[in-house]
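Colleague: I would like to go through this model with you before I set anything up. Could you take me through the packing?

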Amino acid sequence: MMSSNKGKDAAEGSSSRSSTSAAGGSGGRGDQLQQPHPLSRYESQKRRDWNTFGQYLRNQRPPVALSQCNSSHVLEFLRYLDQFGKTKVHLQGCVFFGQPEPPGPCICPLRQAWGSLDALIGRLRAAYEENGGLPETNPFASGAIRVYLREVRDSQAKARGIPYKKKKKKRNLMKANDDNSNFPTQ
């Protein structure tokens, strides 16, 4: 069991042995040092996404400062990510266009799935504000980004022959349960 934890600690960049020995040798001041909590999966992914986007901006010719970033840079980034996608999106002329489960292979491109892009934008939107950006200047919250995501969602749904249906909230059911909770049970 011990070896699996060592690998996990090494992968996460933390070691309980080094923090306890540092705390023990400080003569009482070790109680003031707090081990940072390991990041949640969401927080880790958000940090990776933020770093990737920052690297993308630095690699532009000329490099783009984060303060100069706008929605067009974000759209270019999303299109750039398509080359790493794993979702087959059939083109209009493909014989499998509109078929949910095509019977054979085709040469249509792989793209980023709409859900992945939507989640990515949500994380980057949060990271932008956590890193000092103002909500009113957040390029990830732009209307152009929402329009792009809607177009990607609709085109991917049409290409797969599966219409996108927004999930309805179950407010009325929850309200009915709350109303019934006012009566005592016997």
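Modeller: A residue counts as buried under 20% relative accessible area, as exposed over 50% and as partly exposed in between, with a 1.4 Å probe and protein chains only. This is a predicted model, in which local features need pLDDT of at least 70 and side-chain atom pairs pLDDT 80 or more, while totals for chains, interfaces and linings use all residues. Residues are numbered from 1 along each chain as its sequence is written, and side-chain values use heavy atoms, without hydrogens and water.

Colleague: Fine. What percentage of the protein chain counts as buried?

Modeller: Of its 186 residues, 25% are buried. The chain has seven helices and two strands, where helices are DSSP runs of H or I with at least four residues, strands are runs of E with at least two, and both are numbered from the N terminus. Along the sequence the pattern reads α-α-α-α-β-β-α-α-α.

Colleague: Let us turn to the rings. How many aromatic pairs are there?

Modeller: There are nine. Rings of Phe, Tyr and Trp (its six-membered ring) pair if their centres lie within 6.5 Å; planes under 30 degrees apart are stacked, over 60 edge-to-face and the rest tilted. One of the pairs is Phe53 with Phe77, which is edge-to-face, at 5.1 Å centre to centre and 80° between the planes.

Colleague: Why does that pair matter for the fold; which parts does the pair tie together?

Modeller: Phe53 belongs to helix α3 (residues 41–58) and Phe77 to helix α4 (residues 71–81), so their pairing ties together parts 24 residues apart in sequence.

Colleague: Are Phe53 and Phe77 buried or exposed?

Modeller: Both Phe53 and Phe77 are buried. They also belong to a cluster linked by ring pairs, along with Trp50, Tyr56, Tyr80, Phe84, Tyr128 and Phe140.

Colleague: Which other residues of α4 are buried, and what covers them?

Modeller: Besides Phe77, the buried residues of α4 are Ser71, His73, Val74, Leu75, Leu78 and Leu81. Their cover includes α3, α5 (114–130) and α6 (143–160).

Colleague: At what angle do α3 and α5 pack?

Modeller: The angle is about 80° and the axes are 9 Å apart; axes are lines fitted to C-alpha atoms, for helices over the stretch in contact, with angles from 0 to 180 degrees between N-to-C directions. α3 and α5 are therefore roughly perpendicular, given that under 35 degrees is roughly parallel, over 145 roughly antiparallel, 65 to 115 roughly perpendicular and the rest oblique. Among the residues that meet are Trp50 and Phe53 in α3 and Leu124 and Tyr128 in α5, contact being heavy atoms within 4.5 Å.

Colleague: And how do the axes of α5 and α6 cross?

Modeller: Those axes come within 9 Å and cross at roughly 160°.

Colleague: Where does Arg153 lie relative to Trp114?

Modeller: Arg153 lies over the face of the Trp114 ring, at 6.0 Å from the ring centre. The criterion is NZ of Lys or CZ of Arg within 6 Å of the centre and within 35 degrees of the ring normal.

Colleague: One last topic, the backbone. Which residues does a cis peptide bond join?

Modeller: Arg61 and Pro62, with omega about -5°. Pro62 is in the loop between α3 and α4.
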